[in-house]
Amino acid sequence: ATSLVSLRMRLLQLIDLYFRVCKVYNNQMIQHCFRHTKNGHQPVFTDCEVLTCYLFATGWWRCDGAKACHELMSSFYAEWFPNIPTYQAFNHRLNRLAEVLPIFANHCFEEMRHMAKCIPTSDILTDSFPVVTARGCRKNTTNCGVITNKGRCATKRMWFYGVKVHLGAFEQSGTLPLPYYLVISPASTHDKVAQEDQLRTIKNACVIADKAYVDQSLKQHMNENGSDLLTPPRYGKGTKEREKQLDGAANRISQTLISKLRQPIESLFAWLHTHVNIEKASRIRSYRGLLVHIYGKIAAAICKHKLAIMI
């Protein structure tokens with residue numbers, strides 16, 4: 001009886017996900033989908049079904065990659081998707097939708113903020129995590145264009161090939177922060193450089209970040225917009241040892257306080273990695289595939305754990 005209830009719940013969540021995808025696709029995404037076919041002919045297996053299959057298999061069944069998603073949906077949900085094509089066609093269709101997946105991910109961010117049980121603060125927590133296509137000294141065999149290169153993740157103390165995902169989120173009391181914006185940059189790009197344009201547009205908020213974002217000109221510009229940039233203190237070049245000793249205790253207290261304030265964004269990254277293993281992208285071989293991996297997995301995790309219907 002328990003398994004039947006669980007199966008019924010999962011099917012209801014699949015239907016709910018399909019209607020959500022259709023709603024966003026028809027209202028926002030369809031304007032960005034160009035289909036070069038005679039008389040605007042639509043395929044039997046629609047774009048909404050492609051996205052639903054990928055998101056459902058990734059979020060609910062933790063499938064890693066388009067091939068695993070296709071095998072699951074064609075084996076266990078063929079009666080719900082009788083026109084599902086071959087894996088090659090499915091993967092091609094999915095990659096063609098890579099440019100519109102950010103729109104759906106942004107919809108998930110908005111819905112997550114709308115459904116928040118508590119009122120979020122005006123504090124924005126920001127940090128980055130790596131998406132690794134090759135680790136350490138291994139040769140990078142991907143063909144993702146200029147978006148991937150070699151960089152270092154200071155938090156994990158490793159060199160890697162891939163990209164960095166920079167995420168800003170509104171703080172919530174006692175729970176995970178609410179995603180606000182997302183920026184993707186090559187692995188070698190400095191965190192402040194990657195987010196500087198985004199941070200300069202934020203108004204009437206306090207952005208809490210780490211030492212990488214220490215910049216007086218950026219802080220001054222944000223103050224003009226009614227915002228503030230809160231970072232741990234960092235000694236500049238040429239700082240004398242006596243000055244470090246005089247300010248040492250105060251700086252340590254400040255670093256400890258800001259680290260506690262930034263802990264929720266680290267928890268959000270750990271939550272994403274636990275549910276969809278987003279940091280591992282060693283099988284990705286194309287630029288569009290990388291976009292599907294990042295935006296698709298984030299959207300799938302939010303749809304499954306934050307937006308899915310519960311009975």
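How many residues does the largest nonpolar core have, and which residues have the most contacts inside it? Please bear in mind that what you see is a predicted model. The largest nonpolar core has 88 residues. Met73, Phe104 and Leu290 are the ones with the most contacts inside it. Helix H9, residues 287–307, supplies the largest share of this core, namely 12 residues. There is also a second, separate core of five residues, which includes Val132, Cys153, Phe160 and Ala187.

If neighbours within four places in sequence are left aside, phenylalanine 104 is in contact with Arg20, Val21, Val24, Met29, Leu55, Ala299 and Cys303.

I now turn to the aromatic rings. How many aromatic pairs does a search of the whole structure find? The search finds seven. One of the aromatic pairs is formed by tyrosine 18 and phenylalanine 19, and its geometry is edge-to-face, with 6.0 Å from centre to centre and 65° between the planes. Tyrosine 18 counts as partly exposed, because its relative accessibility is 28%. Phenylalanine 19, with a relative accessible area of 55%, is exposed.

A further pair consists of phenylalanine 45 and phenylalanine 81. The ring centres of these two residues are 6.4 Å apart and their planes stand at 70°, so this pair is also edge-to-face. Why does the pair tie together separate parts of the sequence? Phenylalanine 45 lies in the loop between helix H1 (2–27) and helix H2 (47–61), while phenylalanine 81 lies in the loop between helix H3 (66–76) and helix H4 (87–96), so the parts brought together are 36 residues apart in sequence.

Phe56, Trp60 and Tyr77 are linked into a cluster by ring pairs.

Let us move to the loops, starting with histidine 32. Where is this residue found? Histidine 32 is in the loop between H1 and H2, and it is partly exposed, with a relative accessible area of 46%. Not counting residues up to four places away in sequence, histidine 32 touches Val100 and Ile103. Histidine 32 and isoleucine 103 are 71 residues apart in sequence, and their C-alpha atoms are 9.5 Å apart in space.

Asparagine 204 has a phi near 55°, which is a positive value in a residue other than glycine. Its place is the loop between helix H6 (191–200) and strand S5 (206–208), and asparagine 204 is exposed, with a relative accessible area of 60%. Asparagine 277 likewise has a positive phi, of about 50°, although it is not a glycine. Asparagine 277 lies in the loop between helix H8 (241–276) and H9. At 25% relative accessibility, asparagine 277 counts as partly exposed.

Thank you for your attention.

Terms used
Residues numbered from 1 in each chain as written. Predicted model: local features only at pLDDT ≥ 70, side-chain atom pairs only at ≥ 80, totals over all residues. Heavy atoms only, no water. Core = buried A, V, L, I, M, F, W, Y, C linked by side-chain atoms within 4.5 Å. Buried < 20%, exposed > 50% of the residue type's maximum accessible area, 1.4 Å probe, protein only. Helix = DSSP H or I, 4+ residues; strand = E, 2+ residues; numbered from the N terminus. Contact = heavy atoms within 4.5 Å. Phe/Tyr/Trp six-rings, centres within 6.5 Å; stacked < 30°, edge-to-face > 60°.
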